[in-house]
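The sequence and structure are shown first.

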Amino acid sequence: MGAFGYFVILFLGVLGLVGSVHGDLEMNFYAKSCPRAEKIVLDFVNKHIPNAPSLAAALIRMHFHDCFVRGCDGSILLNFTSSTGNQTEKLAPPNLTVRGYDFIDRVKSLLEAECPGIVSCADIIALVARDSIVVTGGPFWRVPTGRRDGRISNLSEALANLAGPTNNFSTLQTKFANKGLDLKDLVLLSGAHSIGISHCSSFSNRLYNFSGVGDQDPALDSEYAANLKAKKCKLPNDNTTIVEMDPGSFRTFDLSYYTLLLKRRGLFQSDAALTTSSTTKTYITQLLQGSLKDFFAEFATSMEKMGRVDVETGSSGEIRKQCAVVNS
């Protein structure tokens, strides 16, 4: 064999090495290593989420918050310990209201009993989020698997990367673009606000002190604001009262969230921000002119795109034995 032949073999070997380090997500990644994995997840979701439908919104929010910090690597699940050396994402203010950690741990324990050390916590979050939305009547999307679990989790990175309820349009655009997501993805993924609840503290500045002089946000419908003040967030410093994000329809994954946006009744500044750009406002109008089926299909595309953000695959990261701590 000539030098060229050796070069080709060497080159292909390097490619193979690169592939094993980076790999890629694939449908039914666990088909051989843990054939029942996805069914175990689905069965658990189907058994428990119908009894606690608000958890579906919490779990898709967890998936968002995981993917926006270091990619979809399960880093949101890590507890602060002496070995982490720093405060973890979980302790960042935007994540203090994230729920569902116990749900993920229970799924993980079932999977560990079935096939120890095989299914990542990162994949569990992605699968649970999808299955929870489907069982509550929302859209289905493909979840390719093969994510590995990250070993690093930083509170400061969560603060820097997560989109927040007070973000304006340019901040949202930048934070989404940093993850390879465009304005259409921003509009579609915000549609998850069609379900779930919020605390008054996430938007009370819009009611009581928008620009620091005891004023109300002029971008918020005055009748809606008056109603919120009278019936929900009666005090500026209310941290406990919860409010439906899509009043009258907060358990149904539908288009009414977008209808409310155009009526200036989006709960967060970040919701209202979607109507301040002609591009995003056009997307909203187009969604409302289309069918629910169209919205579901487009939402599914954006969710699959988000689920691929900065994933660790191949031999990167690890498969955690327990989702809250890195392997020792």
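## Packing of H7 and H8

Helix H7 (residues 169-177) packs against helix H8 (residues 183-190) at an angle of about 100°, and their axes lie 9 Å apart. Axes are lines fitted to C-alpha atoms, for helices over the stretch in contact, with angles running from 0 to 180 degrees between N-to-C directions. Helices (H or I, at least four residues) are DSSP runs numbered from the N terminus. H7 and H8 are therefore roughly perpendicular to each other, a term that covers angles of 65 to 115 degrees.

On H7, the contact (heavy atoms within 4.5 Å) involves Phe-169, Leu-172, Gln-173 and Phe-176, and on H8 it involves Leu-183, Asp-185, Leu-186 and Leu-189. By class, six of these residues are nonpolar, one is polar and one is charged. Here Ala, Val, Leu, Ile, Met, Phe, Trp, Tyr, Cys and Pro count as nonpolar, Asp, Glu, Lys and Arg as charged, and the others, Gly among them, as polar.

The model is predicted: local features need pLDDT of at least 70, side-chain atom pairs count only at pLDDT 80 or more, and totals for chains, interfaces and linings use all residues. Residues are numbered from 1 along each chain as its sequence is written, and side-chain values use heavy atoms, with hydrogens and water left out.

## Packing of H8 and H14

The axes of H8 and helix H14 (residues 292-306) cross at roughly 110° and come within 9 Å. That makes H8 roughly perpendicular to H14.

H8 contributes Lys-184, Asp-185, Leu-188 and Leu-189 to the contact, while H14 contributes Phe-295, Glu-298, Phe-299, Ser-302, Met-303, Lys-305 and Met-306. The residues of this contact divide into six nonpolar, one polar and four charged.

Thr-145 is located in the loop between helix H5 (121-135) and helix H6 (155-161). Its relative accessible area is 0%, so Thr-145 is buried (under 20% relative accessible area, 1.4 Å probe, protein chains only).

A polar atom of the Thr-145 side chain lies 3.2 Å from the backbone nitrogen of Phe-29. Leaving aside residues up to four places away in sequence, Thr-145 touches Leu-25, Glu-26, Asn-28, Phe-29, Tyr-30, Glu-38, Asp-123 and Leu-127.

Asn-327 belongs to the segment after H14 and counts as buried, at 17% relative accessibility. Its C-alpha atom is separated by 8.5 Å from that of Arg-151, 176 residues apart along the chain.

Not counting residues up to four places away in sequence, Asn-327 touches Arg-151, Glu-318, Ile-319, Arg-320 and Lys-321. The backbone oxygen of Ile-319 is 2.9 Å from a polar atom of the Asn-327 side chain.

Technical notes:
Helices (H or I, at least four residues) and strands (E, at least two) are DSSP runs, numbered from the N terminus. Angles under 35 degrees count as roughly parallel, over 145 as roughly antiparallel, 65 to 115 as roughly perpendicular and the rest as oblique. Buried means under 20% relative accessible area, exposed over 50%, partly exposed in between (1.4 Å probe, protein chains only). A polar contact is a pair of N or O atoms within 3.5 Å; within protein, one must be able to donate a hydrogen and the other to accept it, and residues adjacent in sequence count only if both atoms are side-chain atoms.
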